[in-house]
Amino acid sequence: MKYMTINNRKVAFEDEKNVLSVIRKSGIDLPTFCYHSELSTYGACRMCVVEDDRGRVFASCSETPREGMVIYTNTPRLQHHRKMILELLLASHCRDCTTCRKNGVCTLQKLAQQLGVSYVRFENNKPQLPLDESSDCIVRDPNKCILCGDCVRTCDEIQGLGVLDFAFRGARMQVMPAFNKDLAKTDCVGCGQCRAVCPTGAITIKQNIRPVWEAVADPDTRVVVQIAPAVRVAVGDKFGIPKGENSLGKLAAALRRMGFDEIYDTNFGADLTVMEESKELLERLESGENLPLFTSCCPGWVKFCENKYPDLRKHISTCRSPQQMFGAVLKEEARMDKEDKRKTVVVSIMPCTAKKAEIHRPEHRTDGEQDVDYVLTTTEVTRMIKEAGIDLAQMPSEALDMPFGLSSGAGAIFGVTGGVTEAVLRRLAGSSRQEELENISFTGVRGIDGIKEASVRLGEREVKIAVVNGLKCADEVMSRIRSGETYYDFVEVMACKRGCITGGGQPVPIGARTKKARLAALYKIDTVAQIKRSNENPIIQTLYSGLLRGKEHKLLHNEK
């Protein structure tokens, strides 16, 4: 154990990688714009500067802690320094804060208030730059960029895409795609991880709130909503509900009061996906063709594979994602109902920005009709709840509607990395005995490592599995598969680190405590669920013998 002195108090440290971590460990929340523990140290914003006993001022994020260091975090000199940085940032920043989508959750706004920057002495002489609204998933506003580089490093270091980078120098510096292309014309997969780390309104979610309100208000429209598993453990963040708490019942109550007609669980769609994907895996194992089988639940991953590994596209499962399967089922049910003459609009509440692009893919139309009409992220539905004057924390918990309100614990864990694999293995297991399910959970598919490998026996065959989260890790695995360096039978990929719980549409900030709480909450939902395996969901069996009979491939798969 080593010690350093922070503001005249001794603080112990061990393996912290920088002085900033020790300061925060001591209970002092030193402000930063460009620091994220999972990214490389950039040291550009200089907000985390400290002063040592010799009068040296340095960025605490880029300084290694040493035994006997004496530092101060809030001297008059440092206060002046931080205020000046903020004032200069604000001087070249769009000041339409009241109408900005990040109003109230903007780090720049928060720190200006915290540090007492009440006016800006300098004029903003920067030219007004156009917004990039070409993407279905996110909007880029260069007028609100503070050049912290968080989006650049996230896109490169976590996702391995490098879509964004710095251009020009000095006062002309900007963050943009190469040659200032529209995002829609780049290899952007719409994962929204750049938006999740952006401290201002420079990168925001593409909004679909207005058309959904209009549909809800139309008496001739039946608005059906499905809620993804990761949403329920994040939607309460902005209402004072404890981190990770399952707020599905409260959300259902709020949505009913807002005017939605029917409320279902995307976990039901996940159960359908398990049924179809496990069947497809067995067929491919038997034929030996197009192995490994890649999961198809994550649209960011699917687009990444299409962009960078088109020769391996045939390995992606033909199954639609849970969102798309459920959307197709809901629209088919509406087509078969001859009594209800209302137009049916399907709305998905998702943790993911890439889902907004997924619904517009040509294969996600049935009989010429789009299966899912709108996607609202968790952040958007939070805003709608507030617009309606509803306090989610005060809502009573209400049940979902039937017949599609029943799902398994296997569907719930789709929201975390490894969850799809575990659900498929449960389906293929010989029984639902507790020992059998525990053995599956201990195979190595759980955990937050970027690449996990497991080996399980299915009948006479040893099946090799890889579970991947984060597209940079996916790139590594795909390169090894393409070169023949390694072999797998089944590969699960999620574009976002840790899975959907940290999706680009989730409420931010998403710190270590929040990530841990959301992960634990989804596994807790599974633990207390009475139905553990998708094939034991009685509504699924009824659906196969009824509405889906003879239409399984048409409604549940991409290849007709």
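**Around helix H12**

Guide: The buried residues of H12 are covered by, among others, strand E9 (203-205), helix H6 (209-217), H7, strand E13 (343-350), helix H11 (355-358) and strand E16 (374-377). Helices (H or I, at least four residues) and strands (E, at least two) are DSSP runs, numbered from the N terminus. This is a predicted model: local features need pLDDT of at least 70 and side-chain atom pairs 80 or more, while totals for chains, interfaces and linings use all residues. Residues are numbered from 1 along each chain as its sequence is written, and side-chain values use heavy atoms, leaving out hydrogens and water.

Visitor: Which residues of H12 are buried?
Guide: Thr378, Glu380, Val381, Thr382, Met384 and Ile385; buried means under 20% relative accessible area (1.4 Å probe, protein chains only), exposed over 50%, partly exposed in between.

Visitor: At what angle do H7 and H12 pack?
Guide: About 55°, with the axes of H7 (residues 248-258) and H12 (residues 378-387) 10 Å apart. Axes are lines fitted to C-alpha atoms over the stretch in contact, and angles run from 0 to 180 degrees between N-to-C directions.

Visitor: Which residues meet there?
Guide: From H7, Leu251, Ala254, Leu255 and Met258; from H12, Val381, Met384 and Ile385. Contact means heavy atoms within 4.5 Å.

Visitor: New topic: which residues touch the most others in the largest nonpolar core?
Guide: Leu255, Phe260, Leu272, Phe404 and Leu548, out of 58 residues. H7 gives the most to this core, with 7 residues. A nonpolar core is a set of buried Ala, Val, Leu, Ile, Met, Phe, Trp, Tyr and Cys residues joined through side-chain atoms within 4.5 Å.

Visitor: And what does Phe404 contact?
Guide: Beyond neighbours within four places in sequence, Phe404 contacts Tyr264, Asp265, Phe268, Phe326, Val329, Leu330, Glu333, Ile539 and Leu543.

Visitor: What comes just after H12?
Guide: Gly389, which takes a positive phi of about 75°.
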